[in-house]
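Have the viewer open and follow along.

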Amino acid sequence: MNPLVVTIIIYTGYFLLGCVALAWGVVLPELATELHMSDVISGSFFTIFSFGMVAGAFLGGKYIQRFPFMRLFAVLAWMVCGFLMILSWVSSWQLLLILSFIIGTLNSIMFTIGHTLTASLHARRRSTMMGLGDFAYSLGTMAVPFLVTGLYLLDLDWRWPIRVLGVGLALMGIWAWFNHSSELDSYGGSSSKQHGKTLSYGPVLSQPVFLLMALAMFSYGAVEWGNGNWFVSYAQNGVGMDGEAARYSFAFFTGGMVLSRLGFIFLLRIVNLYVLMIGMAILAGVGGAMLKLADSTELMQYGNFMLGLGLGGLFPLILSNAMGLDQDSGPILSGIAVISVSIGAQAFSFITGFLAEHLGLKQAYWMIPIGSVWLTLMVLGFSYHLRLRSQQLQSTPAAA
């Protein structure tokens, strides 16, 4: 068993899943026209996909320990490929919604396996390696618009990008299947006593450090996706920017996210973990506040960049260090993280839309700075309890 090869397979899966997650938005105009989807149905597609992610995170956290990890990763990849192929032939939006839930569920279980194996295979560089996995996912989201554009230039319709991604997942599944070993199952986040058993969320969430992790992840999802869904609309309809300027300003946010996901890996070598985590949370809080209080396009660009720079690396930093406290609960912690992010994204997007309907988008956008400040507070609390728990674990052998 070669840990490097297994890690590369997981990163390849993350890259392809990033492509799948964003492909819907890129092909949506053509897909909606062909299947006669209204705006409400199009919005429901993304909501149902997100519900699938929540369901997959819950199921993955509880049950993946019952199966060989790489074999399960491979089978799930083949299943996603199969459902993508079915989706590429659909002629009704009703079936499309059902398939979106199934694909979201399978994707999320694959993330849980990837998080668990990466954290266990690289215990000494857990934050770094999980951060690289997040970066691979980001590369997938950045690559898929180019894939779609290239296939459209060949006069192929929206169905072909879906099929290409399905083939990619099938090939990755074959690679994963033949790199399985029994040793990987013991690496999969658990002791031999735990392997093969169903895990429980209750005992984990009863611990303050992990409850704060869940709250921080909820805030992370709320701010990342809340800003992603609403900033361009806010900039145009609330502030009065033209469309091009609004999209250009938003690019500072995505650029900051990508830079953060790669940059924090190098900063960990020279900056204390707790200082880095708190500093990033404060940067996100200040950036979120600046977005609402800015009175010029330049300040909004700086705010977007600071928000992205603070947010990007927080997910792998928080999750990897939580897993370091309780490796046996790795799948559960991954499930909690994905569930919290998904619920936070859905809750804030819905609340912002509801407030925009009744108070106007300019007032509703206050949800973003509120969420970013709440994120800062939750990360401060998590960091405190993480340090406390780490000190207790380090002192236990000495006491014994």
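## Ground rules

Here a residue is buried under 20% relative accessible area, exposed over 50%, and partly exposed in between. Keep in mind that this is a predicted model.

Start with Trp 78, which sits in helix α3. Its relative accessibility is 33%, so Trp 78 counts as partly exposed.

Trp 78 belongs to a nonpolar surface patch, together with Val 75, Met 79, Val 167, Leu 171, Ile 174 and Phe 178. Taken together, these residues have about 650 Å² of accessible area. Two elements, α3 (69-87) and α6 (159-177), each give two or more residues to the nonpolar patch.

## A buried asparagine

Now for Asn 227, part of helix α9 (residues 208-239). Because its relative accessibility is 0%, Asn 227 counts as buried.

What does the side chain of Asn 227 make a polar contact with? The partner is the side chain of Tyr 365, at 2.4 Å. Leaving aside residues up to four places away in sequence, Asn 227 also touches Ala 222, Phe 250, Phe 253, Leu 291, Asn 304, Leu 307 and Ile 368, with Tyr 365 on that list too.

## A helix under cover

Helix α13 (residues 314-325) has twelve residues, so at 1.5 Å a residue it should span 16 Å; the end C-alpha atoms are 17 Å apart, which agrees.

α13 is mostly covered, with eleven of its twelve residues buried. Among them are Leu 314, Phe 315, Pro 316, Ser 320, Asn 321 and Leu 325.

Terms used: Residues numbered from 1 in each chain as written. Predicted model: local features only at pLDDT ≥ 70, side-chain atom pairs only at ≥ 80, totals over all residues. Heavy atoms only, no water. Helix = DSSP H or I, 4+ residues; strand = E, 2+ residues; numbered from the N terminus. Buried < 20%, exposed > 50% of the residue type's maximum accessible area, 1.4 Å probe, protein only. Polar contact = N/O pair within 3.5 Å; in protein donor to acceptor, adjacent residues only side chain to side chain. Contact = heavy atoms within 4.5 Å. Patch = residues over 30% accessible without salt bridge, like charges linked within 9 Å, V, L, I, M, F, W, Y side chains within 5 Å. Areas by Shrake-Rupley, 256 points an atom, 1.4 Å probe, with all protein chains shown as cover. Salt bridge = Lys/Arg side-chain N within 4 Å of Asp/Glu carboxyl O. Expected span 1.5 Å × (residues − 1).
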